[in-house]
Structure formats: structure tokens, C-alpha cells
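Here is a quick tour of the model, written for someone who likes to know what they are looking at before setting anything up. Have the viewer open and follow along.

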Amino acid sequence: MVLEEIIEKKLKVMKKGKQIIQKILSKLPDKTAIVVFPDSGSIDNYYGLLYLDNFLQNFHYEKVWIITASNLFEKVVPVLVDSDYKIINMNQEDVDKIITLFSLTSINPAFWVASLSIPNGRKAANLVGIKGLTYEEVFAVGVYKLLFNNFQPKTPIYLGDDPEILKFLNFSQRKRYEK
């Protein structure tokens, strides 16, 4: 594939992503963040939700709109997030189009991507282990710009027996330096 074809393909994806995000932005209330969770099976989702309330407080947002392709968020967000939220479920292809747009241009200051490795080119996960940095610390500081010592995440309390929620919350039991 020649360079022009690659650029043309990216521009088409970017235009489709722009159409999707413009519909969302046209309805976005003031003081509302948009956080995209691009990888439905990632530990980033756990830390993204765990620190979401701290992030919103730190940047003075009153609400958050969560964009995801994972149906599991309907179950786990109420366990981990106290803030006012709206979940926007879409297919993975549309999430990827939004991420492509984000990687090529600035969408909106209220737009955030909860990942250490997406969009392609983010390499923050490479910092894990350096001078004792944990994945959790790198995520909280690198993605949400939190001063790690100033914030304590919510301790997830779940007394149910839904295996999907239990599996999701099991991320907290993993070694904090794992990728």
C-alpha cells in the first residue's frame, strides 16, 4: 500500500469518527468529561474506573460520559463510580474510529482516553517497574494527570456473586506492576 492510500484510508476513518463524536458533543452538558475506554478486556478499564471520581474532582467536572464497547460497564460502573455518569455503548469499530480521530487531532479538552497504550504510540506502560513505579501509579498520573500521593481511589465494595463483576474486580488482586 502506498503512502497516499494509507493517508486516504486514515482520513476516511477520521471523518467517520468526527461524525460520531460531533453527535455526542452536540448533546454534552457543561462541566461534563467524555472518557473513552477503548479496550474492553484491559486492566486499564479497572484503573480507569477506580480513579474516575478522583479525576473528575481534580478537573472540576460534575459528570462523565463513558464511551465503551463493553456491555460489562453497565454492571461494574455502579460498583466503582460515585459520580454522575452516562454510559454510551457502541460497537468496537466506532470506538476505534473515535480513537483514530483523537490520535490525529484535538477533539475537545473534555475528551480523555483511559489507556496507557491506546491510541497507538502511547508507551507509558514502559515506565512500569522503573524506580518501583506500579501500573496503577503510571495510569493515575499518566492518563488522568493525578498527583498520585494526593488521591485515594474508592475501595470497591461488591457483595454480589455475579461472576463477570467478580472477574473484573479481580484486577485489584493482581500484582500492581503487571501489564
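Strands S1 and S2 (residues 63–68) run parallel and are joined by 6 bridges. This is a predicted model, by the way. Within that pairing, Ala33 stands opposite Val64 in S2. S1 also pairs with S4, again in the parallel sense, this time over 3 bridges. There, the residue facing Phe111 of S4 is Ile34.

Zooming out, the protein has 7 helices and 4 strands. Going along the sequence, they come in the order α-β-α-α-β-α-β-α-β-α-α. The radius of gyration is 17 Å, close to the 16 Å that the globule rule gives for 179 residues, so the protein is as compact as a globular protein of that length. If you want a box, the C-alpha atoms fill one of roughly 50 × 40 × 35 Å along the principal axes.

The exposed surface comes to about 10,200 Å², with carbon and sulfur atoms supplying 52% of it. Take the contacts between residues at least 6 apart in sequence: 68% of them join residues at least 24 apart. On the charge side, there are 23 positive and 20 negative side chains, and the centres of the two sets lie 5 Å apart.

Now for the loops, where some backbone details are worth a look. The stretch between S4 and H6 holds Pro119, and the peptide bond joining Ile118 to Pro119 is cis, with omega at about 5°. Lys131 is in the loop between S4 and H6 too. Its phi is near 50°, a positive value in a residue other than glycine. Lys145 also has a positive phi without being a glycine, but its place is in the loop between H6 and helix H7 (163–169).

| Residue | Phi | Relative accessibility |
|---|---|---|
| Lys131 | near 50° | 83%, exposed |
| Lys145 | about 60° | 47%, partly exposed |

One more residue in the loop between strand S4 (111–113) and helix H6 (135–142) is Leu127. Is Leu127 partly exposed or buried? Leu127 has a relative accessibility of 42%, so it counts as partly exposed. Leaving aside residues up to four places away in sequence, Leu127 touches Leu133 and Val138. Leu127 and Glu137 are 10 residues apart along the chain, and their C-alpha atoms are separated by 9.9 Å.

Methods: Residues numbered from 1 in each chain as written. Predicted model: local features only at pLDDT ≥ 70, side-chain atom pairs only at ≥ 80, totals over all residues. Heavy atoms only, no water. Helix = DSSP H or I, 4+ residues; strand = E, 2+ residues; numbered from the N terminus. Rg over C-alpha atoms; globule rule 2.2 N^0.38 Å. Contact = heavy atoms within 4.5 Å. Areas by Shrake-Rupley, 256 points an atom, 1.4 Å probe, with all protein chains shown as cover. Lys, Arg positive; Asp, Glu negative; His and termini not counted. Charge placed at Lys NZ, Arg CZ, Asp CG, Glu CD. Buried < 20%, exposed > 50% of the residue type's maximum accessible area, 1.4 Å probe, protein only. Pairing = 2+ DSSP bridges.
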